[in-house]
Amino acid sequence: MTIQTPQAIRGTQDIFGPDAEAFGFVVETFERVRRLYRFRRVEMPVFEKTAVFSRSLGETTDVVSKEMYSFDDRGGESLTLRPEFTAGLARAYLTDGWQQYAPVKLATHGPVFRYERPQKGRYRQFHQIDAEVIGAAEPQADVELLVMADQIIKELGIADGVTLQLNTLGDAASREAWRHALIGYFRDHTASLSEDSQDRLERNPLRILDSKDPRDKPFTADAPRIDDFLTAEAQDFFAKVTAGLDAAGVEWTRSPALVRGLDYYRHTAFEFVTDRLGAQGTVLGGGRYDGLIEALGGPHTPAVGWAAGIERLAMLVGDRAEPVLDVVVVAESADREIEAQALVARLRRAGAIAELVASGSLRKRFDRAKKLNPASIVSLDQRDGNKTQNFRPLRPEVAGMELAGKVFAAFYADMQ
RNA sequence: GCGAUCGUAGCUCAGUUGGUUAGAGCGCCGGUUUGUGGUACCGGAGGUCGGGGGUUCGAACCCCCUCGAUCGCCCCA
């Protein structure tokens, strides 16, 4: 009788080898850079009461009803696996009294969950790095976040082909005026729009602006622009953001079609976009969400943040080799296997990256060691009753080789 | 939720118009050779051809269903 091997959940992934190295490189780079900007590390729960997300997302149609991983716990309470970090951080800001630290700069990373159809660069469990500034109303906070994001992308070595697209949604008054103008404009052309966009006109008119359908393109090009509806304050805010970016040497392009569907987004909206990832080109995105914390029942609290998918960044980073082995210890005789274990332990304690080959066919052990492509090989043999031990340098350019040689010499000096 | 493409060994893939016992390379295991030596030679393990049903004398190959993967649409906090 055979049992069926369980399969992985759709949209989950097991990350291994060079992919995992690239993943780790992204996280390490993020951690290093966020310290330079004094963003404080936070660890957050993976799940929250469903209300944390459903309120923050404003009960938006598809997002809450279809795209979240929600379930009832044993007490009958609805819980949800976090689809993003922002809402949970806002909740913690309120429930943990983080107001005392405001303005507070926060950084975190980990898995997030969205019930979506998997495709290139899109999974149901994926991973994000995340940075937020809560309690800061000034455009300097937006600038600091963007400069940090820019530095991370550059230090990952993936800036080529990535552009920062920037827009402003204005304050609440600007945004509402623009929205009304857009609805009026598209309503006049309803019949000529794609079916999808006719549908969007009722549900989410701003989204018509980034429709991929060629039938919509002529109309989106001539659609009303936010610039004509910005209040003086909103204009001033955006001008300070762009001036700050220019001063810091961060390149950006204006993207008037870049929108956010949710009402609590104000002012700055931005995305770092690449042309190298097919349909999923956004690599890092965020904006200012001054209305969110009120939506969770808190006091008016300005805030701004961004998140980036680690897998997408890792795809741009490409394969990363695992660290080079400093030394392989090979026991070519069964009588030397214990000794080989002692030596490899000593090498590792001394800080050498070391592997042991002391099993399988005696004759093939050395060949197996060579295939590991180490910087050096230590061979322990015993022929005609005579013990030999040999340190064989192979790749002098590897820094750890010399260390391995010294530890080898010291080990046998001690045995005398 | 919709659409397109694809599922043959651990991995990458052959498999001719349907025709004997389904193959190769790599990897793994054992052996020969060599004996400071990875690239040679021999052998072995490993496959219900994703699963189920149908057509046929006969199906990896044709048809239907199903599961899974990939890419795109919708959505994108």
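Axes here are lines fitted to C-alpha atoms, for helices over the stretch in contact, with angles running from 0 to 180 degrees between N-to-C directions. Helices (H or I, at least four residues) and strands (E, at least two) are DSSP runs numbered from the N terminus.

A quick word on the ground rules: this is a predicted model, so local features need pLDDT of at least 70 and side-chain atom pairs count only at pLDDT 80 or more, while totals for chains, interfaces and linings use all residues. Residues are numbered from 1 along each chain as its sequence is written, chains are lettered from A and ligands numbered from 1 in the order in which they are written, and side-chain values use heavy atoms, with hydrogens and water left out.

**Domains**

Chain A has domain 1 (18-171 + 231-317) and domain 2 (327-415), with bounds from an automatic or database domain assignment. Taken over C-alpha atoms, the centres of domain 1 and domain 2 are 49 Å apart.

**Helix packing**

Two packed helices are described by the angle between their axes and the distance between the axes. Start with α1 (residues 18-36) and α11 (residues 310-317): their axes come within 9 Å and cross at roughly 110 degrees. α1 and α11 are therefore roughly perpendicular to each other. α1 also meets α5 (residues 139-155), with axes within 10 Å and a crossing of roughly 140 degrees, so that α1 and α5 are oblique to each other. Elsewhere, α12 (residues 337-349) packs against α14 (residues 400-415) at about 130 degrees, the axes 10 Å apart. That makes α12 oblique to α14.

As for handedness, a crossing is left-handed if the near helix is turned anticlockwise from the far one by less than a right angle, and right-handed if clockwise. The crossing of α1 and α11 is right-handed, α1 passes α5 in a right-handed crossing, and α12 passes α14 in a right-handed crossing too.

Sugar and phosphate make up 56% of the atoms of RNA strand B that come within 4 Å of the protein.

Here are some polar contacts (pairs of N or O atoms within 3.5 Å):

| Side chain | Partner in RNA strand B | Distance |
|---|---|---|
| E84 | sugar or linking oxygen | 2.7 Å |
| Y265 | sugar or linking oxygen | 3.4 Å |

Elements giving two or more residues to this surface are α3 (61-66), α7 (195-203), α13 (362-371), β14 (376-383) and β15 (386-393). α13 gives the most, with six residues.

A102 and P103 are joined by a cis peptide bond, with omega about -5 degrees. P103 sits in the loop between α4 (86-95) and β5 (104-113). R38, a residue other than glycine, has a positive phi near 60 degrees; R38 lies in the loop between α1 and β1 (40-41).

Note on methods:
A residue is near a molecule or strand if one of its heavy atoms lies within 4 Å of it. A polar contact is a pair of N or O atoms within 3.5 Å; within protein, one must be able to donate a hydrogen and the other to accept it, and residues adjacent in sequence count only if both atoms are side-chain atoms. Angles under 35 degrees count as roughly parallel, over 145 as roughly antiparallel, 65 to 115 as roughly perpendicular and the rest as oblique.
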